[in-house]
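Come along and check each entry with me.

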Amino acid sequence: MASRPIVPQQQQRGDAVVGGGKQQKKNVAGGEGRNRRAALLDIGNVVTAVRGVEVKPNRPITRNFCAQLLANAQAAAAADNNKKQVCANVAPGPVPPHAAAKGVPVAKRVAVAPKPVQKKVTAKPKPVEVVDIVSSEEENSSKEKSVHNKKDGEVNSRKKSSRTLTSVLTARSKAACGLTNKPKEIVDIDAADVNNELAAVEYLDDIYKFYKLVENESRPHDYMDSQPEINEKMRAILIDWLVDVHTKFELSPEALYLTINIVDRFLAICLVSRRELQLVGVSAMLMASKYEEIWPPEVNDFVCLSDRAYTHEQILIMEKTILGKLEWTLTVPTPFVFLVRFIKAASVSLSPFDQQVFENMAHFLSELGMQHYATLMYSPSMMAAAAVYAARCTLNKSPAWDETLKVHTGYSEEELMGCARLLVSFHTGIATAKLKVLYKKYCDPQRGAVAALPPAKNLISAAVGSS
């Protein structure tokens, strides 16, 4: 098989061939000439970079043209870097004197116009009306603060004070009882006891509202006509003796009021002989003492006080009989329950000394009214309110009845006038009456000697004029 001849590759321009004679020298000389001409032809056609700036082909690079290109590149870089409202200061490159003379343009400071900043529009939520139950003092203080801020030209949002659970419950209780929107003249009588947990301020309105609802359920009716052997005078003698026993044992006022309530309720449903009337009173005080006192008197103590008219067994049997007839119902609203609340409402604006005298006078008139059978026609709350009203009239307190007392008692001055005149009439004749226990009890200086004070003249004259 014949082999193909190997053709040598074409030599590049300017490459020398090893070995040779004249032909080789001519080829070398011709290659050098061609290489020089190609290099000269490529000048200005090759894209070059001058100081990092690409230069267009077919244009010679002169010093002033280089300065112009450099200035334009710097201006473009400054415009890219200062997009956020920054003006770029581009200093011109070095310009030779002959370039400035020929009027070659030089780069000047370029100011980049700032882009307008778009504000984010946030939708404001609609205000929500919130009903906040506050007391009258807080409402008045907030109004005064708002008026003061308007005068100074400052509108400040009301700071929310930290409210305890007690204040919240108090506000809700007052709202439920209809005492939220009080007039300005009504005084908050429980303001001083807000932080006293034993006062149970948040429950007081509900408690007394319940007392007013159930006071007639345990109220004895007119029973004296149904008792063949007992009259009003005998009842007054029994209560006068019970007040004396109560004072000697130094029992609480609650025990005395509950004792009289038990006696009247039992006499209203059972016939009692004249001989057993005192036994009923002794057994009633024994039960009331067990209910109200921490250390009640013993049965033998009552046996001795009754001059052994009744035995130990008779007292216990009568106690069991009374409890059975009353169905063991001893938790009842007596006049004392309302009297404490009404005295507190009436003595807010009094001095400490006047408060003590006023309290003794109210208790004196209330006990004096319970001693007489004629007051049995009035409810316990009206009896307590009339005693407070008569006490204020006796001590010449002005006004005798205000809006605070009207709200807390639930009675107007006209509604109390009949019962108050009756109590003042009892006060007028106590100094000459045969039953002196109450008079001696409240003539004691420790109780302000209120029984010796003259009765209310305005109520006496009104009673005489009406009669």
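**Entry 1: a starting residue**

I began with E413, which I found in helix 16 (residues 413-429). This is a predicted model, so I keep in mind that each value here is computed from it. Is E413 buried or exposed, or something in between? Its relative accessibility is 29%, so E413 counts as partly exposed.

**Entry 2: aromatic pairs**

Next I wanted to know how many aromatic pairs a search of the whole structure finds. The search gave nine of them. I picked Y211 and F338 to look at in detail: their ring centres are 6.1 Å apart and their planes meet at 70°, and because an angle over 60 degrees counts as edge-to-face, that is the label for this pair. Y211 belongs to helix 6 (residues 201-214) and F338 to helix 12 (residues 335-346), so the pair ties together parts that are 127 residues apart in sequence.

F338 has 1% relative accessibility and so counts as buried. Y211, at 24%, counts as partly exposed. I noted as well that ring pairs link Y208, Y211, F338 and F342 into a cluster.

**Entry 3: charges over rings**

Which ring does the charged end of K436 sit over? I found it over the ring of Y439, 5.6 Å from the ring centre. I wrote down another case too: the charged end of R447 sits over the ring of Y442, 5.7 Å from its centre.

A cis peptide bond joins S398 to P399, with omega at about -5°. N396 is found in that loop between helix 14 and helix 15. N396 has a positive phi of about 55°, although it is not a glycine. Its relative accessible area is 67%, so N396 is exposed.

W328 is placed in the loop between helix 11 (312-325) and helix 12. With a relative accessible area of 65%, W328 is exposed.

I looked up the span of helix 2 (residues 63-81): its 19 residues reach 27 Å from the first C-alpha to the last, close to the 27 Å expected. Its buried residues are N64, F65, C66, A67, L70, A71 and A78.

Helix 9 (residues 277-292) has 16 residues and reaches 23 Å, close to the 22 Å expected. How many residues of helix 9 are buried? I found 12 of its 16, so I noted this helix as mostly covered. Among those buried residues are L277, V282, M285 and S289.

Over the whole structure, three cavities of 30 Å³ or more turned up. The largest cavity holds about 240 Å³ of space. Which residues lie nearest its centre? They are P220, D264, P335, L376 and P380, out of 20 lining residues.

I sorted the lining of the largest cavity by residue type and got 10 nonpolar, six polar and four charged. Helix 8 (253-267) and helix 14 are the elements that give two or more residues to this lining. Helix 8 gives the most, with four residues.

Note on methods
Residues numbered from 1 in each chain as written. Predicted model: local features only at pLDDT ≥ 70, side-chain atom pairs only at ≥ 80, totals over all residues. Heavy atoms only, no water. Phe/Tyr/Trp six-rings, centres within 6.5 Å; stacked < 30°, edge-to-face > 60°. Buried < 20%, exposed > 50% of the residue type's maximum accessible area, 1.4 Å probe, protein only. Lys NZ or Arg CZ within 6 Å of the ring centre and 35° of its normal. Expected span 1.5 Å × (residues − 1). 1 Å grid on protein atoms, 1.4 Å probe; cavity = no way out; pocket = protein on both sides within 12 Å on 5 of 7 lines; lining within 4 Å. Points joined across faces, edges and corners; volume = space filled by probe spheres on them. Nonpolar A, V, L, I, M, F, W, Y, C, P; charged D, E, K, R; others polar.
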